[in-house]
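Visitor: I would like to learn how to read the features of a structure. Please take them one at a time.

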There are 4 protein chains.
Amino acid sequence: MKAFVYGGPGKKALEDRPRPEIENPGDAIVKIVKTTICGTDLHILKGDVATCEPGRILGHEGVGVIETVGAGVTTFKAGDRVLISCISSCGKCEYCRRGMYSHCTTGGWILGNVIDGTQAEYVRIPHAETSLYPIPEGADEEAMVMLSDILPTGFECGVLNGKVSPGSTVAIVGSGPIGLAALLTAQLYSPADIIMIDLDDNRLEVARRFGATRTINSTDGKAAETVMTLTRGRGVDTAIEAVGVPATFQLCEQLVGPGGVIANIGVHGKPVELHLETLWSRNIAITTRLVDAVTTPMLLKTVQSGKIDPTRLVTHHFTLDQILDAYDTFGRATETKALKVIINA
Amino acid sequence: MKAFVYGGPGKKALEDRPRPEIENPGDAIVKIVKTTICGTDLHILKGDVATCEPGRILGHEGVGVIETVGAGVTTFKAGDRVLISCISSCGKCEYCRRGMYSHCTTGGWILGNVIDGTQAEYVRIPHAETSLYPIPEGADEEAMVMLSDILPTGFECGVLNGKVSPGSTVAIVGSGPIGLAALLTAQLYSPADIIMIDLDDNRLEVARRFGATRTINSTDGKAAETVMTLTRGRGVDTAIEAVGVPATFQLCEQLVGPGGVIANIGVHGKPVELHLETLWSRNIAITTRLVDAVTTPMLLKTVQSGKIDPTRLVTHHFTLDQILDAYDTFGRATETKALKVIINA
Amino acid sequence: MKAFVYGGPGKKALEDRPRPEIENPGDAIVKIVKTTICGTDLHILKGDVATCEPGRILGHEGVGVIETVGAGVTTFKAGDRVLISCISSCGKCEYCRRGMYSHCTTGGWILGNVIDGTQAEYVRIPHAETSLYPIPEGADEEAMVMLSDILPTGFECGVLNGKVSPGSTVAIVGSGPIGLAALLTAQLYSPADIIMIDLDDNRLEVARRFGATRTINSTDGKAAETVMTLTRGRGVDTAIEAVGVPATFQLCEQLVGPGGVIANIGVHGKPVELHLETLWSRNIAITTRLVDAVTTPMLLKTVQSGKIDPTRLVTHHFTLDQILDAYDTFGRATETKALKVIINA
Amino acid sequence: MKAFVYGGPGKKALEDRPRPEIENPGDAIVKIVKTTICGTDLHILKGDVATCEPGRILGHEGVGVIETVGAGVTTFKAGDRVLISCISSCGKCEYCRRGMYSHCTTGGWILGNVIDGTQAEYVRIPHAETSLYPIPEGADEEAMVMLSDILPTGFECGVLNGKVSPGSTVAIVGSGPIGLAALLTAQLYSPADIIMIDLDDNRLEVARRFGATRTINSTDGKAAETVMTLTRGRGVDTAIEAVGVPATFQLCEQLVGPGGVIANIGVHGKPVELHLETLWSRNIAITTRLVDAVTTPMLLKTVQSGKIDPTRLVTHHFTLDQILDAYDTFGRATETKALKVIINA
């Protein structure tokens, strides 16, 4: 089968690989219908993700059709259309029982990381019964692909952790795909204001179309000041960090008001300076989270009922044969205006 | 009247001052019966608290008897015995209505800071109806003094923010008065283990008597390692920072397990390094809080019903005339083994 | 001044009364600009509300302008435009501090009940600082009148108590003004389905316009069956009772699914049969609540930001001189299709 | 093997039955070491539990040793000592993922009800990996038997649902085994007062030894009055119903104060009258719950750390051969003073 393979820092190729097979009774083999590329895949290609070794088929998002299931799988059968969660969850360990699927002792984020992933014609899914979701009749498959990772990530790490609530004031720092996913899902809780902050006017324009009530281009270094003016000196209730560098995290430290939350989504590569000398008395919380994808069923209901339309994130389409082009387009997002790219397998 | 006055960095004196008078309809004048010294008072004397100017009468804890009340005060009258909250709360502003008394727009921590405090024969209490509590018949007044600040601080900033719960594992870094207050109040939630960490063996011995299930002297720099061994590599559910320096906060970063909380109580003077490069995916929360003293009535019930005995924190007694000695004893706590000192006015 | 007075069961009149005066330091006298009639006022007129004695000026909703304030009032002054909460709250008692303003020991629902109310040219508001809200510049005054009672009631007793959440399924039994207020405010949490149940097709048509995803006319006695079919046998997550008679409460008992909530808003006059022989094992909650109006500031933000438009509830307008007509129109709601009637004072 | 079999209303016998065998890949066969009798077993014997048909081996509690496991079971192996949960949970269905194991679509309370149970030498446990718990080295096996059902039932249905909290006031109506389990576990949250109400002085004496701060013999019909006096007219924060008849539920309706909770544990056979004509405005919640046994791991930690000692509930010991005697003793609890009886298999 065709598969997109990480070959070490800076190396990638579409290769021919043997089809995966059932290894454990809980496995399912899924024929991929649609997949996509995540910002994390770009990190892997740069060599920044130590757990992912050369030779790995990338990808942790997608929808497909079940080809075969292991002996222990009773709730799925060949032919079922399924949504693949980016997080594999055994459903049995202490973390899974607490809803922290990301820390599943035999799962978590393993697809396209420590085992082969979804950017291929077929993929093996461990713990299939608790890591796949049936796709409802008539559902939009591209919307479903957005439920594999990006929507639950924006929602769980940003919106839920950030305690977004009716009438509250939210700032989202970073208007890339993940910040926009937070923007879309934040509106499920009807905050009064959502202020989107980025360096790129195009992305801010997208944010306005997606429901931001204010946008701030922070190129001039005055974003904190502007937010303080907008909030009459109080700061925001929720500051969502959706970039992953020290400067954006520290901007969040400046934006958050007393009693507020900084909800970190960004994947950070180095420490940040935490200004406890001012924050110790501000009654704030800072949260971190690797997505658990525990809200996927709930988000699916909001998509099916028309409360959010995640296909608005899809900007480009490719076939699996064109996946190198897809990576190129996604990698040059500022120029191409790419958000999420769909790859039809 | 006699009053203990801050005279600028390094300067302190017991002076003669005029008695305070009612200034606003919501005020009460309270004759102090017992007060105490807080670690924060030592910070003020060093000149570390910018809001507190020379000439200020210090002290934000105590019990007393109401002498007179302003025209707007209907729920207290002369002769009532009262507990003085370290936090003044108007009960009307948005923060007070959210239970964030510490951020009251006309109150908060003002006593012995921006207005004269309790280390005197009399004190003026603004917003008296929402900043004083009646002392129940037969209550131990020294226990009540512990409810002004130290017990709610340990409980709100450490235990509640840290989500201590039955069967959970807690580490408290710092076994001084505030860490011990967290230790006492943590037991209201029956955690399975409370690990106390300090550099001073005497304080750790006190912690064992107060209910710590383990103590670790961190002088050898191996506290994190030891905790990981004790928790079989998982880390703790709650790490309470009760010191206020970068090293202890970073120890908490190392101790906290996935899904856990770092609850900061410490008053920090400089930034700390937050290791988001590892913590971003650990699903943790970090909380800060200036005590709101919103749990004072609830803690009073637990004291009255014998669930906790805060008088265990009291190690020394002085009269107001001896307050310079009291400061000396409290300031040399390592030698004197002082925890809280009671000053009888 | 002109005032609408309850004269005993079945008796009502527009009378001439002396203007109210400041009685306590915390009072304010408010000149009424707009008021409205509540279903509870009809109950009083029938003689069903024992606490309300003949001679009482009715009304507990409205907006107005402050005429004078008592000596203890510092946050409002003559000329301020204010929203009057139906619940008077002292801000000091234990219930107020817990956010249960409805049970304020010297307040609660007293306006137009145990003290004179708002259906008059002037009203005295006790505990003014914690029972009035400033009206933002440019706010729609008729929207503000809806924030006195009906919107917080639908939201607090129905939506918050019912734990309405994104993707959930809600049934609201009763499509009168209060059920519609619950319908409007439920959408702040983006449930997937809101099923509205009533006997009156006109009100169900209104419900559809207000956002109900399904409506059921329960005249045929098959509402429970229909809901079970719609939910594939599972029942709803939230059943909101917005009528107040045994039959509608028991319908809620039949609709609620395992793990769900029955949130009672209705004012009941007699006991209901609770089928614990089936419900004991269903893991449900039943909640009751007299509105606390503690969410008024938050709802005001959602109105100001355009998330909800409560003026959709306003169907008729009258002057204070026409208040008997207003009562007649409101009392014959089935015929007149009245929801809320505005009375301009 | 020997097994205790329900033979229809009023009929019971110790019979010889074939050993159970693995039926599904997720099954385990457990050799019973210790089991016990539940009040529900008495209900079954009377013919009150429609789902349990004649011929059924009873029992849903116990500890044992794994004999064999199905092909899909990877986390347990022959020889492991295990605690058997009274609730079988697949870990995969929507209810299991929400922590509502009691409503598992292929599990729930099935043991000794719709499939054969634990009052036998061997039992087949479906969904073994998510329905059994490893017994820690050195744990007291009789304490572990109390974790199968009675402790989680008292804790989840009574204490957690009832929101027992530090300093609060709790009333428990019914001082039988389940009420006493609620009493033991309520103390994990340090309420100020626990008032135990029963008709039997012996059981109330036990309650005092177990930590009740007050006991009331309600034979004189004045329990509500007495509680109101004790709480100075306010009622209790939490009223736990641990009997299951209308009179005790209605007592709870009288005891609960504004803002409080009635947490129902009792298994009810008929409807109760709910006095909404007074309760509609009291801001209360009523909860029901079939135990989910989702807190078993947490309770196990509190037992292992010595916070609660559930062996205090064990009053009698029998062998499996003597199980008819055990039922007799347990069935005449008033005379025998039996709480929980241990049966050694």
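Predicted model: local features only at pLDDT ≥ 70, side-chain atom pairs only at ≥ 80, totals over all residues.

Visitor: In what order do the 12 strands of the open sheet stand?

Guide: Helices (H or I, at least four residues) and strands (E, at least two) are DSSP runs numbered from the N terminus, and two strands pair if DSSP finds at least two bridges between them. Here the order is S10(C)-S9(C)-S8(C)-S11(C)-S12(C)-S14(C)-S14(D)-S12(D)-S11(D)-S8(D)-S9(D)-S10(D), with mixed pairing. S10 (214-217) of chain C and S10 (214-217) of chain D are the edges; each has a single partner strand, so one side of each is left without a neighbour in the sheet. On average, neighbouring strands are turned by 15 degrees against each other, direction ignored.

Visitor: Which helix of chain C packs on the sheet?

Guide: Contact means heavy atoms within 4.5 Å. Axes are lines fitted to C-alpha atoms, for helices over the stretch in contact, and angles run from 0 to 180 degrees between N-to-C directions. Helix H8 (residues 246-255) of chain C touches strands S8, S9, S11, S12 and S14 of chain C, and its direction makes about 155 degrees with that of S12(C). In chain D, helix H8 (residues 246-255) runs at about 155 degrees to S12(D). There S12 and S14 of chain D run parallel, joined by 3 bridges, and D:Ile262 stands opposite D:Ile286.

Visitor: How do H4(D) and H5(D) cross?

Guide: Two packed helices are described by the angle between their axes and the distance between the axes. The axes of H4 (residues 150-160) and H5 (residues 177-186) of chain D come within 8 Å and cross at roughly 70 degrees. H4(D) and H5(D) are therefore roughly perpendicular; angles under 35 degrees count as roughly parallel, over 145 as roughly antiparallel, 65 to 115 as roughly perpendicular and the rest as oblique. Among the residues that meet are D:Leu151 and D:Phe155 in H4(D) and D:Ile178 and D:Ala181 in H5(D).

Visitor: Which residues of helix H7 of chain B are buried?

Guide: Buried means under 20% relative accessible area, exposed over 50%, partly exposed in between (1.4 Å probe, protein chains only). In H7 (residues 223-230) of chain B, the buried residues are B:Ala223, B:Ala224 and B:Val227. Seen down the axis of H7(B), they fall within an arc of 100 degrees, so they line one face of the helix; the arc is that of the directions from the helix axis to the C-beta atoms. B:Glu225 and B:Thr229 are exposed on the other side.

Visitor: Is B:Ala263 buried or exposed?

Guide: B:Ala263 counts as buried, at 0% relative accessibility. B:Ala263 lies in strand S12 of chain B, and its contacts beyond four places in sequence include B:Cys157, B:Ile240 and B:Thr287.

Technical notes
Residues numbered from 1 in each chain as written. Chains lettered and ligands numbered in written order. Heavy atoms only, no water.
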